[in-house]
Amino acid sequence: MEGIAMALYATLNNNPLATELEIEESFDDDGLIVGSAVTISELQIKIKELVSSSPHYRHRGLNAVLENIKWFAGNHIRNVAAVAGNIATASPISDLNPVLVALEFEEAPESEVVGRSMMHLSALKQVTGAAVYIDDIPRLADEVKVAIVGSTVAHGKIRNVDATAALALDGVLAYIDHKDVPTGRHGNYIGPVTLDEELFATEFVHFFGQPIGLIVAETEKTAIRASKLVKVDYEVLEPVFTIEQAIASSSFFEDTRTLTSGCFARNEPLDESGLVFIEGEARMSGQEHFYLETQASLVIPKKEDDEMEVFSSNQHPSETQHLVSHVLGVPSNRITVRVKRMGGGFGGKESRGAFVACMLAVAAKKLSRPMRLQLSREEDMATTGTRHPFLGKYRVGVEPSGLLRSLQLDLYSNGGYSYDLSLAVLERAMTHSDNTYNIPHMSINGRVCRTNLPTNTAFRGFGGPQGMMIAEQWIQHVAESLNIPELNFYKNGDSTHFSMPLENYHFDRVWSELIETSDFKSRKDAVEKFNSAHRYRKRGIALLPTKFGISFTARHLNQAGALVHVYTDGSVLVAHAIDVVIILQVHLSETSTVTVANASATAASFSSDLNGMAVLDACTQILDRLKPIKLANPESSWKEIVNKAYFERINLSANGFFKVPDLTYDWATNTGRMFSYFTYGAACAEVEIDTLTGDHTVRRADVVMDIGTPINPAIDVGQIEGAFAQGMGWCTIEEPLISPKTGFLLTRGPGGYKIPGFRDVPEDFRIRIVRGSRNARAVHSSKAVGEPPLFMGASVFYAVREAIKAARLENGVPPAYFRLDSPATSERIRLACADRITRLVETPLRDGELPFSVRS
């Protein structure tokens, strides 16, 4: 990290200056280089040695590290916690973060809490196994287990279901299906926006693995065994799996979206004189959420008043409450949904988590016994959906000077078999199809494809990364035909194609800081020299910008409530929707529909903004009530003031509320404000590919972000690290593949689907936060940071593409644009290098022949 007198760098892989178990001895202007496997204790000893032997001005940053280490658990943890920690995961909790982040940020004074780097309060519980998840809750006395009976065809008509053999198995208690839903056919239809999904399939099945029924048994083993004995007879129908198949057969959902600006908005023809037009397509696959805790629920029916308690691992307790109420036909006030924590979500538990809870609720209602179900990894991956695959067809109008003038874009997403949140995902993709480029005339049309796959759903970025990925693909296409100068970037005060002015637009500063701190120009020269000297190994380096809109695009969701209690001993209890970090004397209660009603989902990177402001409102109310006592007793402690207030009969509880102002966008007229604000970032990635195998290594990545004033820099750095790794996985090594005959997911489980690991993350990973940025529209001048950095991982994809270009030139391929679909897997990299070997192994499919696997 830079910007201090003495810097500290962590290397995750093969840095020539330090092995993974060493600390480089030199103490020069470039800083101290630390191997990734160095423990916190070893680092502490080395820093103390350097501090004692160097001038004060050289080690103020290292003192900050020592100060953080002091609060980092005990010696028993420091002795085994590696410096790199879990930087490669998408979790904001990392052994590395609490120790190193003090070096880079404008830390708040020690007397302040907001703005100081602090370890996530659940970190130690999570890494030691003390944190309680759904499957850790002790088994109840009369609890039973459940297994799903899923479809074995992707599209078919159900002729008959026979559960006789399953029910005859010892220990099996019941078979549950649509006939057991208390509210009948209407209640069997559920969904987050549109009620178009059957909880249990009735006449037709629409994807491989779709729930037809449940087996309830005394043990999990018995339930699973019995579920395989249920016989289902189908009339198999023709399925549709891919975007291309859906377009060919006109298999779309009814709703469409159109977004126009400039002459297209005025229904005027585009003046094409003097313009060069570039046309092409960009395609990307889906991505598995791969949260650590799969979808899980525990449902407990109460003995009276139709009450039911639901423990669920999901991002939207209020929606789960509403849907369970809908399925059972009881008022929402009889259903309590509780969420202590999730073992990861990334959007995959925003809407899909409710389905397990609803199925269990039906069974629990019928048998009056507690039910628990946690999907296996294979079940979860095969039935809960992925990030939406996208196809973009573009026509870009450019002046010969490189100035962008027009974009005509058709977007297609693969929604799976039901609506879910696909329309909102498509909308965000459309609003991010400009990325950071000012294009006067735009026309974007969007369709959601209906296919015989599990419904695809929210995933970190929610369509934004797909829109920006397509934008960068056509930018690459244009750039390799013409020169694209930076004059195409938006400037402060410009308006987007959805009529939103860019206020406090600091992207120019982000971009210039990245180019300077990444040393891009000299490294680009070094890459070219390396490529000229190596035949079978090529390097590439690329820059990538991002502009991410913050808020829910559904206006009604931009609200939050919070409940704050102050007790007479001075301790504070906070209850709200999920995700605000609470410290010191404050305890964060679980999220429950009892304490905060009608809460929005933890999603859209907006949870801290909404819930933080709601908590702040509640705290302000209580502090205002305590002011007279504080003024009368200026020397009294917090506990004493609270105690006096109690005896003065002052209310020590408050219900806080916040709604985001002036969000007024109207899709029909393309007017009003859509987002509260934008988060900006840019990344520079350098890679090396093996042209004979298609393997790649990320040599270095630099990320610069404008995230306002961080509330907790440690958490923000962890979010950036995790988002980058997750975005890198999406566009390089992760690709869900299905059987083109059956729709069976081939890449299920960690054996067939690979997410980034320690050897995949950048060998040299540098994160820089723009200083002095203030955001007046969020709590404590902060900005959202959960989703915006994910697209920065795509810088690896474009660096890989540059390396492939060098290989193609080496192999005699003319320097023209070539299409490279995402993800850039080893297979695609190898084939794109286009040498005599790839030409020898070309095997076109014969008429009617299907490939082994296809992407959705």
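Predicted model: local features only at pLDDT ≥ 70, side-chain atom pairs only at ≥ 80, totals over all residues.

Colleague: OK, at what angle do α17 and α18 pack?

Modeller: About 100°, with the axes of α17 (residues 607-632) and α18 (residues 638-647) 10 Å apart. That makes α17 roughly perpendicular to α18 (65 to 115 degrees counts as that).

Colleague: Which residues meet there?

Modeller: From α17, Leu 623, Leu 626, Ile 629 and Lys 630; from α18, Trp 638, Ile 641, Lys 644 and Ala 645. Contact means heavy atoms within 4.5 Å. By class, six are nonpolar, none polar and two charged.

Colleague: Switching topic: is Gln 466 buried or exposed?

Modeller: Gln 466 is buried, at a relative accessible area of 1% (buried means under 20%, with a 1.4 Å probe and protein chains only). Gln 466 sits in α14, residues 464-479.

Colleague: What does Gln 466 touch?

Modeller: Leaving out residues up to four places away in sequence, Gln 466 touches Met 284, Arg 387, His 388, Phe 390 and Trp 730. Phe 791 is 325 residues from Gln 466 in sequence, yet their C-alphas are 8.7 Å apart.

Colleague: And how many residues of α11 are buried?

Modeller: Twelve of its 15, so α11 is mostly covered. Among them are Phe 355, Met 359 and Leu 360. After α11 comes Ser 368, with a positive phi near 55°.

Notes:
Residues numbered from 1 in each chain as written. Heavy atoms only, no water. Axes fitted to C-alpha atoms, helices over the stretch in contact; angles between N-to-C directions. Helix = DSSP H or I, 4+ residues; strand = E, 2+ residues; numbered from the N terminus. Parallel < 35°, antiparallel > 145°, perpendicular 65-115°, else oblique. Nonpolar A, V, L, I, M, F, W, Y, C, P; charged D, E, K, R; others polar. Buried < 20%, exposed > 50% of the residue type's maximum accessible area, 1.4 Å probe, protein only.
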